[in-house]
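Trainee: Please take me through the contacts of the aromatic side chains in this model. After that, go on to the pocket and the backbone points that deserve a look.

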Amino acid sequence: MPRKPNVTRQLARDLIIAGVDEAGRGPLAGPVVVAAVILDPARPIRGLNDSKQLNEDTREKLYGRIVERALAYTVIFVEREEIDRINIFQATMTGMTRSLMGLSIAPQMALIDGNRLPRTLPCEARAVIGGDATEPAISAASILAKVSRDRHMHALDERFPGYGFARHKGYGVPEHLDALGRLGPCDAHRRSFAPVRRWFEPETPPVADLFAEALSQTS
């Protein structure tokens with residue numbers, strides 16, 4: 001399969017480009033984390049790739065190089081409470097906007113992984129499907145977001161023991177669902193996600209009980 005064209009190479013070389021990506025849209029617990037990165041063309045970083053394609057040790061090493069060599073970067077946490085209030089899609093879009101606005105250097109163009117763009121951005125932007133594997137700046141953002149969120153989930157594992165957050169990072173794997181069934185949700189769990197939401201919904205009495213109650217009211 002032919003490799004997707006690199007959008008950065010098609011743009012003017014003197015354009016200040018920020019890559020944006022997120023980590024943690026799907027989990028049942030923890031924040032969604034969004035990073036924005038402006039790489040320094042004079043200090044290239046070898047090995048950048050989609051964070052999901054890299055092992056933990058490699059991500060950690062690249063994280064240090066990105067932080068050291070990037071012209072600017074931001075990492076934004078959108079916490080569980082905000083996710084539940086505005087939904088995960090809007091929380092992700094909000095995080096993308098905040099990450100770009102928080103850069104110490106104003107970008108002229110943002111390359112955002114995926115097929116959707118936030119409605120309000122501080123610069124022009126392009127959505128790049130699969131950009132975390134083809135655009136170095138997006139790959140760097142992917143790594144910063146993933147490593148930052150993984151570290152945060154390790155901290156939540158210490159704060160809320162028993163759920164296995166350090167291992168599964170909050171995703172709905174069998175281990176996590178089993179712990180949720182035994183322990184119930186903790187403060188890190190997203191109330192708006194179905195496997196968690198049921199714990200906060202009022203129980204509906206069985207139909208037979210409702211029928212019996214209706215008869216008693218008419219007698």
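Mentor: The charged end of Arg151 is placed over the ring of Tyr63, at 4.3 Å from the ring centre. The rule for a charge over a ring is that NZ of Lys or CZ of Arg lies within 6 Å of the ring centre and within 35 degrees of the ring normal. Arg190 also meets it, lying over the face of Phe193 at 5.1 Å from the ring centre. This is a predicted model, in which local features need pLDDT of at least 70 and side-chain atom pairs count only at pLDDT 80 or more, while totals for chains, interfaces and linings use all residues. Residues are numbered from 1 along each chain as its sequence is written, and side-chain values use heavy atoms, with hydrogens and water left out.

Rings can also pair with each other. Rings of Phe, Tyr and Trp (its six-membered ring) pair if their centres lie within 6.5 Å; planes under 30 degrees apart are stacked, over 60 edge-to-face, and the rest tilted. The count here is one aromatic pair. Tyr163 and Phe165 form a stacked pair because their ring centres are 5.3 Å apart and their planes at 10°. Both Tyr163 and Phe165 are buried, where buried means under 20% relative accessible area, exposed over 50%, and partly exposed in between (1.4 Å probe, protein chains only).

On the cysteines, the search of the whole structure finds zero disulfides, a disulfide being a pair of cysteine sulfur atoms within 2.5 Å. Cys123 is buried at 14% relative accessibility, and Cys186 is buried at 8%.

Next, the second largest pocket. On a 1 Å grid over the protein atoms alone, a pocket is an open set of points where a 1.4 Å probe fits, with protein on both sides within 12 Å along at least five of seven lines; lining residues have an atom within 4 Å of a point. The second largest pocket holds about 240 Å³ of space, the volume being that filled by probe spheres set on the points, which are joined across faces, edges and corners. It has 16 lining residues, and Glu22, Ala23, Gly24, Lys52 and Tyr171 are the closest to its centre. Strand S1 (17–23) and helix H6 (136–159) are the elements that give two or more residues to this lining, and H6 gives the most, with four. Helices (H or I, at least four residues) and strands (E, at least two) are DSSP runs, numbered from the N terminus. By class, the lining has two nonpolar, four polar and ten charged residues. Ala, Val, Leu, Ile, Met, Phe, Trp, Tyr, Cys and Pro count as nonpolar, Asp, Glu, Lys and Arg as charged, and the others, Gly among them, as polar.

Then the backbone. Most residues other than glycine have a negative phi. Asn87 has a positive phi, near 85°, and is in the loop between helix H3 (80–86) and helix H4 (88–101); at 38% relative accessibility, Asn87 is partly exposed. Lys169 also has a positive phi, near 60°, and is in the loop between helix H7 (165–168) and helix H8 (174–183); at 12%, Lys169 is buried.

Last, two C-alpha distances. Arg159, in helix H6, is exposed at 56% relative accessible area and is 9.7 Å from Ala188, 29 residues apart in sequence. Asp132, in helix H5 (residues 131–134), is buried at 6% and is 9.1 Å from Ile143, eleven residues apart in sequence.
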